[in-house]
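Subject: Handing over the structure

Hello,

Here is the structure I am passing on to you. Please have it open while you read the notes below.

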Amino acid sequence: MKATVEQLAKIGIFASLNRTELERLQEHTAIRTYRQGEVVMYEGDRIPEKLYTLLSGSLRVAKTAAAGKETILRTLFQGDIFAAPALLGNGIAPATVTAETDVQVLTTEREVLLAALRENPEIALRILAVFNQRLQQLHETVHGLVSERAIVRLARFIHYFAVEQGTKIADNSVCLEKRFPYYQIARSIGITYEECVRLFKKLKPFVSYSRGGKIIVLDWEKLEDIASGDEID
């Protein structure tokens, strides 16, 4: 199934294209649905030369060490592009990408995209901006794993997803829209499952965690202070 012009227009990197340009691109797109838990690509796979964009749902990007330990690098959401080596590199998947929910993934043929880039260089700038942001996030993650206390990394994780993915008001408190099981948080910030449970108990006066991964921020100002490196009183 091909993407519609309307679907392409909603993707950030294509925002500068007019309808004629979008229609030209549309002919060289494909949409594939993956069910929750299904692997989109495995680390080390050779992947086709295409631009990969998440149309709906969420994807987990993870790497597995030689010893078998999995580290979650990031979570992708609607509109995110991924699998950069397929477009700009050696065509080898740098990580395993798994559907956290039912998802739709849009692919756009590389050669057609390059033609669009020649006509509209702003697309390239938008793509570079996305990948530059990813590099900065990776730098911050590595720096945090080396130098920041685990509770600071946890507070930053909660704060990041509250800001990036939204919140809602529940019982006069701020509740994260997305739910996170302990194991996912632990693998995202480089700690064990047991330490993750212990840290949430330490954050209990400021953050509530309940079954199913529901996170409620009880004291937003204190969460920001901890994320900035302040000690808990």
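**The aromatic cluster**

Phenylalanine 161 counts as buried, at 7% relative accessibility. Buried means under 20% relative accessible area, exposed means over 50%, and partly exposed lies in between (1.4 Å probe, protein chains only).

Before the rest, some ground rules. This is a predicted model: local features need pLDDT of at least 70, side-chain atom pairs count only at pLDDT 80 or more, and totals for chains, interfaces and linings use all residues. Numbering starts from 1 along each chain as its sequence is written, and side-chain values use heavy atoms, with hydrogens and water left out.

Phenylalanine 157 is buried too, at 9% relative accessibility. Helices (H or I, at least four residues) and strands (E, at least two) are DSSP runs, numbered from the N terminus.

How many aromatic pairs are there? The count comes to ten. The rule takes rings of Phe, Tyr and Trp (its six-membered ring) with centres within 6.5 Å; planes under 30 degrees apart are stacked, over 60 edge-to-face, and the rest tilted. Phenylalanine 157 and phenylalanine 161 make a tilted pair, with 4.8 Å centre to centre and 50° between the planes.

Tyrosine 160 is partly exposed, at 34% relative accessibility. Phenylalanine 161 is buried, at 7%. Together tyrosine 160 and phenylalanine 161 form an edge-to-face pair: 5.0 Å between centres, 90° between planes. Ring pairs link a cluster of Phe77, Phe157, Tyr160, Phe161 and Phe180.

**Charges over rings**

Phe180 has a lysine over its face: lysine 178 lies 5.3 Å from the ring centre. Elsewhere, the charged end of lysine 222 sits over the ring of phenylalanine 206, 5.7 Å from its centre. To count, NZ of Lys or CZ of Arg must be within 6 Å of the ring centre and within 35 degrees of the ring normal.

**The second largest pocket**

The second largest pocket has a volume of about 200 Å³. Of the 14 residues lining this pocket, Arg32, Tyr34, Pro48, Tyr52 and Thr107 are the closest to its centre. A pocket is an open set of points on a 1 Å grid over the protein atoms alone, where a 1.4 Å probe fits, with protein on both sides within 12 Å along at least five of seven lines; lining residues have an atom within 4 Å of a point. Points are joined across faces, edges and corners, and the volume is the space filled by probe spheres set on them.

Which strand gives the largest share of this lining? Strand 1 does, with four residues. Strand 1 (29-34), strand 2 (39-41), strand 3 (50-56) and strand 8 (103-109) each supply at least two. By type, the lining of the second largest pocket holds nine nonpolar residues, one polar and four charged. Here Ala, Val, Leu, Ile, Met, Phe, Trp, Tyr, Cys and Pro are nonpolar, Asp, Glu, Lys and Arg are charged, and the others, Gly among them, are polar.

**Cysteines**

The whole structure has zero disulfides. Cysteine 175 is in none, and the nearest cysteine sulfur to it, in cysteine 196, is 17 Å away. That is too far for a bond, since a disulfide needs two cysteine sulfur atoms within 2.5 Å. Cysteine 175 is buried at 2% relative accessibility. Cysteine 196 is buried at 0%.

Is helix 7 (residues 182-189) largely enclosed or open? Six of its eight residues are buried, so it is largely enclosed by the rest of the structure. The buried ones are Tyr182, Gln184, Ile185, Ala186, Ser188 and Ile189. Glycine 190 follows helix 7 and has a positive phi, near 75°.

Alanine 83 has a positive phi as well, near 60°, in a residue other than glycine. Alanine 83 sits in the loop between strand 6 (81-82) and helix 3 (84-88). It is buried, with a relative accessible area of 11%.

**Two last pairs**

Threonine 64 lies in strand 4 (residues 59-64) and is partly exposed, at 43%. Threonine 64 and alanine 95 are 31 residues apart in sequence and 8.1 Å apart in space, C-alpha to C-alpha. Histidine 159, in helix 6, is partly exposed at 23%. Histidine 159 and glutamine 133 are 26 residues apart in sequence and 17 Å apart in space, C-alpha to C-alpha.

Best wishes
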